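My notes follow, in the order I looked things up.

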Amino acid sequence: MPKRLLTLLLLLIFATPIYATTLKIATLAPDGTSWMKMLRSGAEEVEQRTEGRIKLRFYPGGVMGNDNSVLRKIHIGQLHGGAITAGGLAAIYPDIQLYSLPFLFRSFDEVDYVRKQMDPILIHGLEQAGFISYGISEGGFAYLMSQLPLARVEELQQRKIWSPEGDQISLSAFRSIGVSPVPLPLTDVLTGLQTGLIDTVGSSPVGAIALQWHTRIKHVADIPLIYLYGTLVIHEKALKKIAPGDQAILKAVMEARFQQINAKNRQDNLGARAALQQQGIQFYQPMDGERASWQQLIDKVEANLKQENRLDPALVQQLQQLLDSYRKSQG
């Protein structure tokens, strides 16, 4: 090859511009929360370390709609990803709701033991469905919170309880114990509480404050209802345009941020619980005479969900074996 032609080719190669890829990501998390601050911090680090080749643009506070709307917009290319709850992702990978089984966990120690071994399985399942996850982040335990007392099982069965739209596990669980829940998208819950359409929600302490639900709450049943969690996912098609090295930077940075978010959310929930109590919201542990009734309710929910097989039975069995092993080790 003539030297002049080789020089021209090299000049063309190195003069070719490297275009930036902007990944558009939606979330229901309100702007200004610690969750969003950490995500934005991660985005700044990604942009810096890739020299501007990857930019992340966030749409917080539900401006892109609920989780179902976000998934639909991802599929048509209007968005590239989202920080989405487990219930929201059930449409693409039902088993992601594994940790959402009602009354599954009794403590955060149990959560940590199980997640260490099962998070990789769920993340792989999302990948098989075409979505790359950057780590699972804890939202905390949800408790039943109501405008009216919840000390007895009979009182629970008289309440107008919210069920997250599209969450078939919660819907089935409530119906199995004689409760007719009211399905609503997350964005309509506060209005539902204000109008009386619902009077009871399941929420973590920090979620109740962030979403202003605590302004309509007076009573909390102090029994972990379900474990809340979510993940940042980006559709694999959006990542194909990004060089492998830059994908590795994106993965390393955002996984680290999600580990930080996971730890921070636990701290925030403990602080939020104390704040709710300081505002006069009453937390009720079941009285001795009521413990048997609550346990019967829990057993009925578990039996119904196992019978319906909404989740992979092998995964449910693996999780239960881990829990049994941990509880046995604790005496």
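Predicted model: local features only at pLDDT ≥ 70, side-chain atom pairs only at ≥ 80, totals over all residues.

What share of the 331 residues in the chain is buried? I got 50%.

**Overall layout.** I counted 13 helices and nine strands in the chain. Then I checked the contacts with a separation of 6 or more, and 76% of them join residues 24 or more positions apart. The chain exposes about 16,300 Å², and carbon and sulfur atoms supply 53% of that area.

**Cores.** I went for the largest nonpolar core next, which has 50 residues. Tyr-99, Phe-105 and Val-201 are the ones with the most contacts inside it. Several elements each supply at least two residues of this core, among them helices α5 (108-128) and α13 (313-329) and strands β4 (131-146) and β8 (219-235). Apart from this core lies another, of 26 residues, and I noted Leu-39, Ala-43, Val-46 and Met-254 among its members.

I then listed what Phe-105 touches, not counting residues up to four places away in sequence. The list runs to Tyr-99, Glu-110, Val-111, Val-114, Phe-141, Pro-224, Tyr-227 and Leu-323.

**Helix α7.** Is helix α7, residues 168-176, mostly covered or mostly open? Mostly covered: seven of its nine residues are buried. I wrote them down as Ile-169, Ser-170, Leu-171, Ser-172, Ala-173, Phe-174 and Ser-176. Just after α7, I found Gly-178 with a positive phi of about 80°.

**Asp-67.** I looked up this residue in helix α3. Asp-67 is buried, yet I found no salt bridge for it. Which side chain of opposite charge is nearest to Asp-67? That is Arg-72, 11 Å away. Leaving aside neighbours within four places in sequence, Asp-67 is in contact with Leu-28, Ile-84, Thr-85 and Gly-88.

**Ala-90.** My last stop was the loop between α4 and α5, where Ala-90 sits. Why does Ala-90 count as buried? Its relative accessibility is 14%, and the cut-off for buried is under 20%, so Ala-90 qualifies.

Key. Residues numbered from 1 in each chain as written. Heavy atoms only, no water. Core = buried A, V, L, I, M, F, W, Y, C linked by side-chain atoms within 4.5 Å. Buried < 20%, exposed > 50% of the residue type's maximum accessible area, 1.4 Å probe, protein only. Helix = DSSP H or I, 4+ residues; strand = E, 2+ residues; numbered from the N terminus. Contact = heavy atoms within 4.5 Å. Lys, Arg positive; Asp, Glu negative; His and termini not counted. Salt bridge = Lys/Arg side-chain N within 4 Å of Asp/Glu carboxyl O. Areas by Shrake-Rupley, 256 points an atom, 1.4 Å probe, with all protein chains shown as cover.
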